[in-house]
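Here's a walk through a few spots in this fold, taken one at a time. Keep the viewer open as you read.

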Amino acid sequence: MDTDRTSGSAQRKPLQDERFGHFIDGRLEGGETTFDVINPSTGDVLFHCPDASHEQFERAVAAARRAFPAWSKTTFEERRDRLARFAAAMESRLEELVRILTLEQGKPLAAARAEIVRGIGIIRHLITIPIGPDVLRDDASGRVELRYKPLGVVGGIAPWNVPIVLAAPKIASALYTGNTMILKPSPYTPLTTLRLGEIAQEILPPGVLNILAGGNDLGQWMTEHPGIDKINFTGSVATGKRVMASASANMKRVTLELGGNDAAIVLNDVQPKAIAERIFQAAFANSGQVCQAIKRLYVHADIYEEMVAELTAIAKRVKVGDGLEDGVDYGPLQNKAQYERVIGILEDTARQPGVRIPAGGHAIDRPGYFIEPTIVADIAEGTRLVDEEPFGPVLPVLRYTDLDDAIARANDTRFGLGGSVWTNDIAKGAEIAARLETGVAWVNHHLGVSAEYPFGGVKESGVGRANGEMGLKRNMEPQLIVLPPSASA
Ligand code: NAD
């Protein structure tokens, strides 16, 4: 199959005259070398992005360390005020950020707008969460408090699927809790995040937030550097393991938000028509490139054919295209490597005996990295599509007859991010949800990260939690303060 999807057209380069630079010690700067950022809707080069040198990285770490003592002594209120101003500044430049995000990530403008608005909302919510000392004992025997101190310099490393929804909580969590920060976006989608540096320039003291664009080597420098105290990482399981190993050198704290292969279990008491749209959206949002998307759909045999038919009808109806075009529901795969991986999984799927592909199954014949929304029926475990995390617009629908068996199959994976149960019996749904080995389990819903609640996975889907009070506290070190009764000498 021809996987070189470059259109060759020179017309879609609207960002080439703009300025995107690393944000180091309060200043924007370029660099001697660059890497190409590709528009996934065309395959054309969008921008020659500066690639951070080791010298620039060292300066960023030094700046963050210099800024830490003063920043960590500011009060929560002061930091809340600065971050609220940062969120307001993002909002005032919303349409500019939306356009850059669509161009580099590929998602439709409406989805890009929703992502930026969400990122702003996450910042605004996180900075309202009080982090007081926890009083563990206060009686005649004395007072015992758990107090929380910032860690120092936090490194944030993000993937390419939702760059701002993942960068925003990393920035807010690290800075609000009194740390300074080095943030590295994915080399596939660095531009919107670099623009956040320009926005922060007038608001944050120099060195408090540093944003550097670069490849995997920059990520590795971050995880190895003794001047960085914690890594907040979002990405694949394979890279997460490398981050954890490398962080051990100076006992860096880590929070790892990794991949998932979420199962949804549909019981036979629901009407497929009533839930098909919600299931489809939870599987195909962002063209399936969501860690917590439904990636395995277990449907009871009684309603199996009807559910496949409903999902097939939606898959054939939705519009896939360039995110800048009107009326587009889903964009392309974000990059060529991911596109080729999903094509490989589709080819493997088509070779499976007895499999049916009632919708999609192929690349779309146009420039860029487009794949048809694909529904796969009569497929089972033991195939790449079901066992791996495809991270593309492909949903396998698996048949079950025994509920315990469906739960066991849903849990029979090294992943453990999210899961869901779909039923009209909420109490029964709650029972089944509790049996899923995941960081979150929903009843009659799937997908969605809230700043209010801890977010993360079990098994190989991650370590620790982001967001909520629990996530914020993972950017701090608890210290136990043990006091005698006030009368004692
Ligand atoms: P990836 O692991 O390839 O890359 C993620 C980031 O890590 C990038 O910035 C990359 O440059 C950097 N990196 C690569 N090698 C590194 C190293 N050795 N040391 C440090 N940093 C390094 O992941 P991806 O392909 O960009 O993203 C897709 C994956 O992310 C999927 O598995 C998806 O499920 C996962 N994801 C998880 C969540 C979550 O919250 N659990 C959210 C979104 C995406």
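**A threonine in a loop**

Start with T383, whose side chain reaches the backbone oxygen of A380 at 2.9 Å. Bear in mind that this is a predicted model. You'll find T383 in the loop between β15 and α12. Is T383 buried or exposed? Its relative accessibility is 8%, and since anything under 20% is called buried, T383 counts as buried. Leaving aside residues up to four places away in sequence, T383 touches Q352 and E388.

Now move to helix α11, which covers residues 336–350. This helix has 15 residues and reaches 21 Å from its first C-alpha to its last, close to the 21 Å expected at 1.5 Å a residue. At its start, a side-chain oxygen of N335 comes to within 3.3 Å of the backbone nitrogen of A337. The buried residues of α11 are Q338, Y339, V342, I343, G344, I345, L346, D348 and T349. What lies over them? The cover includes the strands β14 (356–359), β15 (374–377) and β16 (394–400), along with α12 (384–387).

Last, look at a pair of helices, α3 (residues 94–105) and α6 (residues 191–200). Their axes come within 8 Å and cross at roughly 155°. Angles over 145 degrees count as roughly antiparallel, and α3 and α6 are therefore roughly antiparallel to each other. Which residues meet here? From α3 come E96, L97, I100, L101 and E104, and they meet L191, T192, R195, L196 and I199 in α6. Sorted by class, this contact has six nonpolar, one polar and three charged residues.

Technical notes
Residues are numbered from 1 along each chain as its sequence is written. This is a predicted model: local features need pLDDT of at least 70, side-chain atom pairs count only at pLDDT 80 or more; totals for chains, interfaces and linings use all residues. Side-chain values use heavy atoms; hydrogens and water are left out. Helices (H or I, at least four residues) and strands (E, at least two) are DSSP runs, numbered from the N terminus. The expected span of a helix is 1.5 Å times one less than its number of residues. Buried means under 20% relative accessible area, exposed over 50%, partly exposed in between (1.4 Å probe, protein chains only). Contact means heavy atoms within 4.5 Å. A polar contact is a pair of N or O atoms within 3.5 Å; within protein, one must be able to donate a hydrogen and the other to accept it, and residues adjacent in sequence count only if both atoms are side-chain atoms. Axes are lines fitted to C-alpha atoms, for helices over the stretch in contact, and angles run from 0 to 180 degrees between N-to-C directions. Angles under 35 degrees count as roughly parallel, over 145 as roughly antiparallel, 65 to 115 as roughly perpendicular and the rest as oblique. Ala, Val, Leu, Ile, Met, Phe, Trp, Tyr, Cys and Pro count as nonpolar, Asp, Glu, Lys and Arg as charged, and the others, Gly among them, as polar.
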